[in-house]
Structure formats: structure tokens, C-alpha cells
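Hi there,

Here is the structure I promised to pass on to you. Please open it and keep it beside this email while you read.

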Amino acid sequence: MNWLQNIVRPEIWKMAGYSSARMEMTDVSGMIQLDANENPYLPYLTTKSGVGNINRYPHPQPDAVLARLAAIYGVSQKQVLVGRGMDEIMDVLVRVFCIPYKDKIMITPPTYGYYQAIADIAGITVSKVPLSSTDFSLDVAGVIRNTDENTKIIFLCTPNNPTGNVFSLKDIEQIASSLPNVIIAVDEAYIEFADVPSATTIVHKYQNIVVMRTLSKAYAFAGVRVGTLIAIPEIINVARKVLAPYPIPIPVTNLILEALSPFGLELANSRIELLKSERDRVFKHLTSLPGIHVYPSHANFLLFKVSDANAVYKDLLAKGIIIRHRGKDVENTLRFTIGSQEENDLVLRALGVKLDIAKQNERQAILNRKTNETEILAKINLDKQLPVKISTGIGFFDHMLEQLAKHGGFSMELSAKGDTHIDYHHTVEDVAIVIGQALKQALGDKRGINRYGFVLPMDEACAFATLDLSGRGVLIYEAKFKNLLIGDFPVEMVEHFFLSLADQLEAAIHLKVTGDNSHHMVEGLFKAFAKALNQAINRTNNNNVPSTKGTL
Ligand SMILES: *Cc1c(COP(=O)(O)O)cnc(C)c1O
């Protein structure tokens with residue numbers, strides 16, 4: 001491929017690349033492995049989970065990891081290369097394409113600072129085409145005009161750090177088609193938070209566009225270091241020669257596969273939605289303050305301008321809140337990362353926003369739990385009634401949990417995969433644990449709720465429920481069933497369910513039911529409990545903690 005040969009550093013193009021034992025023979029499972037000078041014994045370790053055969057070298061590019069990343073980025077496996085964070089991917093690109101003391105990269109400040117650092121370390125000059133000083137838009141003509149024959153890579157960060165705005169794919173395409181011999185490296189560290197398509201959707205159209213993604217931000221993996229290069233297979237193959245021989249440690253592979261499992265992705269996507277809605281909420285509050293300008297953001301941070309950024313920075317620091325001073329990039333600006341609702345409220349209050357207690361945050365929680373027997377994901381929002389979506393693999397149980405959410409007046413999305421082929425025990429119990437924890441988390445410090453709920457007759461079976469969100473888990477359960485099975489669902493599981501729930505929710509629950517038909521009796525219990533729960537979690541018109549002690 002002449003095009004690529006002409007733009008890659010000649011010595012990189014020529015070199016064969018280091019050939020490690022595990023590159024020559026990648027599938028060694030089941031063989032006696034005496035080819036890589038490894039140690040046959042495992043080291044001393046007290047952590048057992050997710051560690052694997054760490055006395056062996058990892059696969060240089062684990063297949064399962066590539067497959068998972070290719071699937072979430074919507075490209076083919078041959079188009080991806082995984083490294084230790086996107087920072088390493090950028091460094092590899094510079095070493096592949098730029099000849100030291102001769103070549104240049106181009107950046108568009110204000111932008112991510114690491115591009116400059118990589119270039120400085122590698123002996124590469126940096127040319128700069130600033131973004132518009134009013135709206136930080138890209139100067140497409142300026143980028144094209146200022147590119148010369150030594151400009152090898154143009155780094156475009158979208159959404160841009162620290163400004164938060166995005167560049168249009170049309171602009172990126174125009175640059176790529178005008179400069180066919182320059183690598184257009186699109187840094188999409190924050191694209192999951194943006195409402196625009198990724199440049200991965202155009203990599204097949206332009207051989208000189210490469211996209212860089214990371215699990216650090218949207219996938220909450222900053223501490224694991226996973227970055228991905230997405231490019232045509234020919235570029236991937238050259239970059240592989242420069243990347244270290246074994247960049248993905250075995251424990252990291254296991255962590256990636258778990259975090260990017262279908263459940264993991266569901267959780268990550270829910271959290272991305274939550275952070276986006278928080279960003280928009282915080283934006284609205286901040287823009288209402290006098291003397292502040294907040295820049296619209298497609299990322300998980302907001303940049304804002306004040307008259308004295310130093311003073312605001314120091315004031316927040318004194319209140320125990322660290323945000324980033326960006327005055328060096330844009331005068332008198334600060335950048336703050338969207339945190340949890342509670343953290344954001346603290347920042348808003350510290351900046352002088354009067355949060356209206358009548359318009360409190362929605363009380364919600366997203367939780368997952370995985371054991372050897374079950375895997376459960378639950379999303380609860382106490383201030384919304386829909387959606388209610390339950391799927392546990394146990395029909396009758398789904399029906400009961402739907403009653404719980406509907407009559408409890410809250411939104412619940414719950415999916416569980418359990419060993420229901422053995423029996424229903426683990427699934428029912430673990431679902432109760434997760435619901436209890438999610439309710440507890442959503443209720444927070446229980447400010448502004450009723451705390452108590454009390455309900456009497458339900459249907460022709462007579463069910464009775466009281467509930468006190470007292471902070472102590474207690475269950476009093478009185479029920480005599482004539483039929484011990486409802487379909488194939490053992491009635492004894494109902495008590496287990498409420499016991500685990502009381503325990504995790506830290507609530508005192510009294511349940512009593514009489515009647516003939518077990519199905520109606522159990523349904524009555526769930527409905528009565530749900531009604532009592534609904535009363536207890538409902539908001540009062542004050543914002544007090546409903547206890548004379550001040551805490552619950
Ligand atoms: C955080 C960040 C990165 C770093 O990603 P890692 O995968 O953690 O190395 C890259 N680019 C930008 C713009 C960032 O803000």
C-alpha cells in the first residue's frame with residue numbers, strides 16, 4: 001500500500017517488529033508451555049478473583065477484548081488496537097508517523113494538554129490553529145491552510161477538552177479529504193456523553209481518519225487504563241509494531257470482559273444517561289447565576305467563566321471541593337466534572353445557587369450485583385411511575401414485582417439472570433437484596449418523606465401491611481397457606497423475599513394475610529406492602545428527616 005508507506009516513518013515501515021513468544025503462537029491452551037521463559041508456579045496472592053494465569057504472558061491483543069470493543073464501537077475487529085489508555089495510543093501514533101526533529105503535529109487550542117507533551121518528548125514540533133475565541137468552533141480553512149508537508153498528524157478533540165463543544169463530522173471530512181496525506185486523529189474521549197454520531201461512522205470512507213476512544217470516562221475505567229485506536233487494518237498493523245509487546249495484562253482483560261458484558265453495558269448506559277441529565281440540570285442552575293458564563297457542553301464537564309477565577313477556585317478549595325482552573329487556556333475559566341447528584345448540589349450551593357427544596361432531585365438508584373448464582377441489574381426512580389419493566393425468569397415473581405412498583409408508585413427496571421433451573425431460591429433472595437439496597441440508596445438520608453406506611457384489606461384475601469423506614473431491619477410475618485405452590489413458585493419464598501428486603505432496606509415490616517387462595521393471598525401481600533411503601537416514601541411538604549433524633 002503505497003499511500004501508507006509514504007506517510008509512515010521509513011524505519012518503522014521497514015522494521016519487522018519485535019516478535020514475542022505469544023505472537024508467534026497465540027493459542028497455547030492445553031499445551032506444555034515451555035517457550036516463553038515463564039514461571040510454572042503462581043505467585044503469592046491473597047486476591048483470587050479475576051486474576052487468572054498471571055504467571056503466563058498475556059495475549060498481545062486478546063481476541064475477546066477486541067471483539068467486545070469492536071462491537072460497542074460499531075467497527076470490525078481488524079480495525080481496532082487496544083493499548084494502556086488513549087494516552088498510549090496517541091503516543092504510538094506520533095512514533096509511527098513523525099520523524100523526530102523534522103515533522104510536526106497540529107493541534108487546535110484550547111485543547112487537551114497531552115498532545116503537546118507527547119510531541120515535546122518525541123522531538124516533534126507542534127503547530128497551532130486556535131479555535132474561535134467566541135464559540136470554540138473549528139477553523140477548518142485555517143487548519144487546511146496551515147498544514148505543510150511536514151505536518152503528519154492533526155489532533156482534533158471532540159467533544160473538546162476543556163471547552164466541551166463538538167466539531168461536526170462534515171468539518172472533519174472536509175479536512176480529511178483536503179489533506180489526504182495527513183492523519184486526522186479524532187480524540188473522542190467524551191463522545192458517549194454527546195448527542196452527535198461518532199467519527200467511527202466515517203472511518204471506512206477516509207483511510208486517513210483514525211479515531212481514539214477510551215473506557216476511562218463513560219465506562220468508569222480510568223484506573224484500569226484501556227484505550228482503543230480505530231483505523232483501517234493497514235494502520236492497525238503498523239501501530240502494532242510500535243505498541244509494547246504485551247500491553248493488556250490478564251487481570252485487565254478479565255475486568256474489561258466483565259464491565260463490557262451485556263449487564264455491564266446496560267449499567268454503563270444508564271449511568272451515562274444519568275450524568276447527561278445531571279450536566280443539563282447543573283448547566284441550567286449555573287446559567288441562572290449573575291456574573292457567570294457557562295459554555296454548553298457535550299461532555300461530562302462544564303467550563304464556566306467568572307470575573308475572578310482564582311477567588312472562586314480558592315473559595316471552593318476551602319470548602320473541600322477541587323475543580324480545575326483553566327485560566328491558562330481561556331481567561332478566568334474553571335472546569336468542573338459532573339459528579340453524583342449530591343456532589344453537584346454541593347458545588348451549586350458553594351457557588352451560590354439557592355436550590356429549591358420543593359424541587360429536589362429525583363430520588364433514584366442504579367445498582368448491579370453479581371454472584372456465582374445470580375446477576376442482577378436494577379434501576380429505581382421513586383419520583384417517576386414509569387417505566388416498570390421486570391424480567392427475572394420467574395413469571396409469577398415478575399408479576400408480583402410489577403405490583404410492587406405499580407402500587408408503590410415508582411419506576412423500576414429490573415433484570416435478573418439466575419440459576420432458576422436449580423430452584424428459585426437464589427434469584428428471589430438476591431432480587432430482594434438488590435431492590436432493598438436500591439430503595440435505600442434512592443431514599444438517601446430520607447429527608448422530606450413520611451417514613452411510615454399502613455394498609456389494611458386487599459381483595460377477597462385480607463392482607464395487612466405496616467412499614468417503618470426506621471433504619472433497623474425487622475420482619476414480622478404471619479401467613480398460613482393451604483397450597484404451598486403457586487404454579488411452580490414455592491410460597492415459602494415470599495417470606496424469604498420480605499426478610500431480605502427488610503434487612504437491606506433497613507425497615508421494620510409487619511405483614512399478615514388470611515384467605516383461601518394462595519395466589520390471591522401473596523398478591524394481596526405484595527399490593528398491601530406496596531401501598532404502605534408508597535405512603536412511606538411519599539414526599540411531605542417539609543424537608544425534615546422524619547425522626548426526633550434527626551437521623552434515620
Ligand atoms: C481523559 C482524556 C484522555 C485520556 O484517556 P485515557 O484513556 O485515560 O488515557 C484522552 N483525551 C482527552 C481529551 C481526555 O480528556
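Which residues of H5 are buried? Keep in mind that this is a predicted model. The buried residues of H5 are Gly85, Met86, Glu88, Ile89, Met90, Val92, Leu93, Val94, Val96 and Phe97. A residue is called buried here when its relative accessible area is under 20%. That applies to 10 of the 13 residues of H5, so the rest of the structure largely encloses this helix.

**The ligand**

H5, which runs over residues 85-97, is also where to start with the ligand: this helix gives the most to the shell around the ligand, with four residues. The ligand has 14 residues around it, and Met86, Tyr190, Thr214, Ser216 and Lys217 come nearest. Sorted by class, the shell holds six nonpolar, four polar and four charged residues.

- Met86, one of the buried residues of H5, has a backbone N or O atom 2.6 Å from an oxygen atom of the ligand.
- Asp187 has a polar side-chain atom 2.7 Å from a nitrogen atom of the ligand.
- Lys217 places a polar side-chain atom 3.3 Å from an oxygen atom of the ligand.

How much of the ligand does the protein cover? On its own the ligand has 380 Å² of accessible area, and the protein covers 94% of that.

**The salt bridges**

Now for the charged side chains. Side chains of opposite charge can pair when their charged atoms come close. In this model the count comes to 28 salt bridges. Here are some of them.

Take Glu413 and Lys379, whose side chains meet in a salt bridge with 3.7 Å from N to O. This pair links distant parts of the chain, since Glu413 is in strand S15 (residues 411-418) and Lys379 is in strand S13 (residues 374-381), 34 residues apart.

Next, look at Asp383 and Arg539, which form a salt bridge with their closest N and O atoms 3.5 Å apart. Asp383 lies in the loop between S13 and strand S14 (388-391), while Arg539 lies in the segment after helix H17 (518-537), so the pair ties together parts that are 156 residues apart in sequence. Asp383 counts as partly exposed at 29% relative accessibility, and so does Arg539 at 30%.

Then there is Lys440 with Glu506, a salt bridge in which the closest N and O atoms are 3.8 Å apart. Lys440 belongs to helix H15 (residues 425-443) and Glu506 to the loop between helix H16 (492-505) and strand S21 (508-514), so this pair ties together parts that are 66 residues apart in sequence. Lys440 is partly exposed at 33% relative accessibility, and Glu506 is partly exposed at 29%.

Which residues are linked in a network of salt bridges? Find Glu188, Glu192 and Arg213, which are linked in this way.

Enjoy exploring, and write back with any questions!

Best wishes

Methods. Residues numbered from 1 in each chain as written. Predicted model: local features only at pLDDT ≥ 70, side-chain atom pairs only at ≥ 80, totals over all residues. Heavy atoms only, no water. Near = heavy atom within 4 Å. Polar contact = N/O pair within 3.5 Å; in protein donor to acceptor, adjacent residues only side chain to side chain. Areas by Shrake-Rupley, 256 points an atom, 1.4 Å probe, with all protein chains shown as cover. Helix = DSSP H or I, 4+ residues; strand = E, 2+ residues; numbered from the N terminus. Nonpolar A, V, L, I, M, F, W, Y, C, P; charged D, E, K, R; others polar. Buried < 20%, exposed > 50% of the residue type's maximum accessible area, 1.4 Å probe, protein only. Salt bridge = Lys/Arg side-chain N within 4 Å of Asp/Glu carboxyl O.
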